[in-house]
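I opened this structure to look up a few strands and some backbone angles. My entries follow in the order I made them.

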Amino acid sequence: MHDARDLVLARLPSGVPVRTTVHAYGEGRLVDGPDGPELDVPADGGPVVYAQAAQHGREVNGTAVLRRLHERLTGRDGDAPDAAPAGTLVTVPVADPLTFDRVSYTTPEPLDAVHSNMNRCWPGDADGTLHERMAARLWRFASRADAIVDLHTGSPAMLTHAVYMRDDAACRELAEAFGTDILLAEAAGDEADAEWSERGFAGKLRVAATREGIPTVTPELAHSREIVPEAVDAGVEGVIGVLRHEGILPGDPAPWDGTVARNHLGRVEAADSGLFTPERGLSVGDEIEAGDRLGVVHDPATFEPLQTAAADRDGIVYSIAREATVTAGATLVGVAERLAE
């Protein structure tokens with residue numbers, strides 16, 4: 001029912017291995033391979049779902065989700081375990097131990113000057129940079145899957161949502177099965193906006209996997225650096241919904257009745273550095289219109305107002321900068337543009 005193995009992702013210059021743990025539940029087993037554990041699934045073993053967390057080490061709620069899911073599937077939460085999986089779930093609770101230990105988003109430049117962000121270099125390269133090697137090692141498991149859940153978390157002032165590849169019906173179904181109230185659709189490759197491409201998003205796990213025909217969803221559970229029960233609950237129920245959608249657990253995911261929007265290009269940015277005060281009463285989830293006032297950036301020393309931030313489009317507020325000190329170009333408010341069904 002459950003198997004776990006130590007997994008060496010790469011080695012540091014000193015020879016110290018970068019280690020994590022991979023878990024398998026259900027029909028599949030972890031077996032010894034020439035380069036460490038590999039997934040072995042019987043020919044009639046059913047579907048495979050791969051779920052990982054903590055590509056960015058400060059995003060700890062995804063790791064807590066996989067722990068809670070482990071307790072639920074093995075009966076260690078005190079309740080009888082769910083029905084035995086009719087397939088295989090593979091999980092990696094800490095995908096990037098280097099950022100996890102530093103409670104950071106990226107690794108220091110001396111370790112990987114090319115790809116300090118692990119989620120920009122998928123499917124990786126076994127002979128590449130440190131993060132490329134780590135991604136390539138995990139890709140051996142992810143590429144075996146019929147569906148992938150890449151758990152992330154945002155800031156405390158971010159609306160919980162799930163991101164999927166725009167115009168991909170299988171990814172859309174997976175996102176609906178996860179069940180957040182708002183789904184954010186993104187394009188990739190030639191279909192993406194120029195700015196989106198320039199930010200290197202083509203190397204995200206979600207994009208690489210979808211291009212290989214593996215439906216993938218990236219939930220953003222909100223809250224970094226702290227375990228928040230509500231965020232963990234949403235993540236556990238979301239992964240259970242995916243497992244039901246894939247037929248690994250019995251039953252159907254809850255019916256979805258939410259909103260589809262697009263993000264990333266709806267950022268209202270700071271025109272100058274200073275202190276940002278959001279408009280009183282502005283909250284994530286608010287519907288806004290182009291021209292609505294969102295807050296003011298002041299010079300902290302002279303008190304001079306430097307910018308009155310306003311929405312440049314209609315949409316839904318999905319993030320608000322709550323750390324008041326902002327630098328020019330920083331995102332003040334994220335606005336998700338509603339998409340027509």
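Entry 1, strand pairing. I looked up valine 317 and found it opposite valine 335 in strand β19. The model is predicted: local features need pLDDT of at least 70, side-chain atom pairs count only at pLDDT 80 or more, and totals for chains, interfaces and linings use all residues. Residues are numbered from 1 along each chain as its sequence is written, and side-chain values use heavy atoms, with hydrogens and water left out.

I noted that strand β17 covers residues 315-320 and that β19 covers residues 331-338. Strands here are DSSP runs of E with at least two residues, helices are runs of H or I with at least four, and both are numbered from the N terminus. β17 and β19 pair in the antiparallel sense over four bridges; two strands count as paired if DSSP finds at least two bridges between them.

I then checked strand β14, residues 287-288, which is joined to β17 by two bridges and also runs antiparallel to β17. Glutamate 287 stands opposite isoleucine 316 in β17.

Is β17 mostly covered or mostly open? I found that six of its six residues are buried, where buried means under 20% relative accessible area, exposed over 50%, and partly exposed in between (1.4 Å probe, protein chains only).

I located isoleucine 182 in strand β9, residues 182-186. Isoleucine 182 counts as buried because its relative accessible area is 5%. I listed its contacts (heavy atoms within 4.5 Å), leaving aside neighbours within four places in sequence. They are Leu159, Thr160, His161, Ala162, Thr259, Ala261, Ile316 and Ala336.

Most residues other than glycine have a negative phi, and most peptide bonds are trans. I looked for departures from this.

Which residues does a cis peptide bond join? I found tryptophan 122 and proline 123, with omega about 5°. Proline 123 sits in the loop between α2 (97-102) and α3 (130-142).

Alanine 222 is not a glycine, yet has a positive phi of about 70°. Its place is the loop between β10 (216-220) and α7 (229-245). Arginine 225 is found in the loop between β10 and α7, and its phi is positive, near 70°.

Are these two buried or exposed? Alanine 222 is buried, because its relative accessible area is 3%. Arginine 225 counts as exposed, because its relative accessibility is 51%.
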